[in-house]
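Have a look at the model first, then read on.

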Amino acid sequence: MTILHVVSVSGGKDSAATSILALETQPRASLRFVACDTGNEHDNWHGYLAYMESTLGITITVLPKRDFSEQIARKREYVVKHWPRKGCSQADIDRSVRALQPTGNPFLDLCIWKGRFPSRKAQFCTQELKTIPMVEHQMGLIDSGQCDAVWSWQGVRIDESEARRARLQGTGACVKAFEEQGGGIYTYRPILRWTAADAFEAHRIAGLEPNPLYLQGMSRVGCMPCINAGKDELLEISKRFPHHIDRIAYWEMCVGMASRRMQASFFPDPDRDAHLNKRGIRNMVEWSKTKRGGQLVDWIRLTEEPKACESAYGLCE
Ligand code: SF4
């Protein structure tokens, strides 16, 4: 039986550590390194993948971007047919149909199609932009006869977040490091019980520098921002990478125009009672400058220049 080991690469420390482990334990000819381009990555994403390739001596295949043109076309038809019965004015229907156009950016087009941004409870970005293309790619390897089975290596750690610990351990659920998915695909999570320090230690041993975004206050890299970014991380992004805030503000306008509510917010409102006009990335950035309760502006924090090293993992120590 021919097995191919397909390692999912995100540009972050956990997938890099998983790549290093795969290189140490499996024959090189059986390894494939694959990444998904969501269209919401930081500018350095491709550069860091290129650095990983040259340092580790590997090739990373970036899968073709997902195309949501057909879904958006079907949504246009749905809006024309069904929105009048939902009490929408013709002006709102015309506005939405004009906005329901593909842009070629998968993350933005996905949100235009859905009429909203993903959230922690509805994290459809991962499913649509990463899981589906990755599974299709792996099925293609089997269907084309390149292998009989695929081990899908995933750099997932239980320790990664409180939510994941609670979800996977607090409930007593059994997290499996290895499980069969069907169709010849097996999921392998070799660093499930590693700590973040273990992941960085693997980098050190392999001579691979971690993604420099960790030294700039980011606790997660890849999407910029990720919908799961925290308050401090958002403040850091606004100071260091304001053009990404501008881009998300523009995306909010595009998605809002396509939606029935005529507004869309990248992050959920921290204050559920806030008026609609307080939502949106720019208001969230203002909120990120506040202390607990969102009232007091912490001017000392605000006026500090971004430090050279703000690593959430203590890399500067
Ligand atoms: S926004 Fe976050 S959760 Fe969604 S695809 Fe990007 S990294 Fe994953």
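1. Arginine 66 comes out as partly exposed, at 22% relative accessible area (buried means under 20%, exposed over 50%, partly exposed in between, with a 1.4 Å probe and protein chains only). The side chain of arginine 66 meets that of glutamate 128 in a salt bridge, 2.6 Å from N to O (a side-chain nitrogen of Lys or Arg within 4 Å of a carboxyl oxygen of Asp or Glu). Arginine 66 sits in the loop between β3 (60-63) and α3 (69-82) and glutamate 128 in helix α6, so the pair ties together parts 62 residues apart in sequence. Glutamate 128, for its part, counts as buried because its relative accessibility is 12%.

2. A word on what we're looking at. This is a predicted model, where local features need pLDDT of at least 70, side-chain atom pairs count only at pLDDT 80 or more, and totals for chains, interfaces and linings use all residues. Residues are numbered from 1 along each chain as its sequence is written, and side-chain values use heavy atoms, with hydrogens and water left out.

3. How many salt bridges does the structure hold? There are 10. One of them joins glutamate 236 to arginine 240, with the closest N and O atoms 3.1 Å apart. Both lie in helix α9 (residues 231-240), four residues apart, or about one turn of the helix (helices are DSSP runs of H or I, at least four residues; strands are runs of E, at least two; both are numbered from the N terminus). Glutamate 236 is buried, at 8%.

4. Lysine 289 and glutamate 286 also pair up, at 2.8 Å from N to O. Lysine 289 counts as buried at 18% relative accessibility, whereas glutamate 286 is partly exposed at 44%. Elsewhere, Lys13, Asp14, Arg157 and Asp159 are linked in a network of salt bridges.

5. Now the ligand. Among the residues surrounding it are Phe107, Gln123, Lys130 and Asn228 (near means that a heavy atom of the residue lies within 4 Å). Which helix gives the most to this shell? Helix α6 (residues 124-143) does, with three residues.

6. Finally, the surface. Tyr250, Met253, Met257 and Met262 make a nonpolar patch of about 410 Å² (residues with over 30% relative accessible area and no salt bridge, nonpolar side chains being joined within 5 Å; areas by Shrake-Rupley with a 1.4 Å probe). Methionine 262 is in the loop between α10 (242-258) and α11 (281-288), and is partly exposed at 42%.

Definitions and conventions: Patch = residues over 30% accessible without salt bridge, like charges linked within 9 Å, V, L, I, M, F, W, Y side chains within 5 Å.
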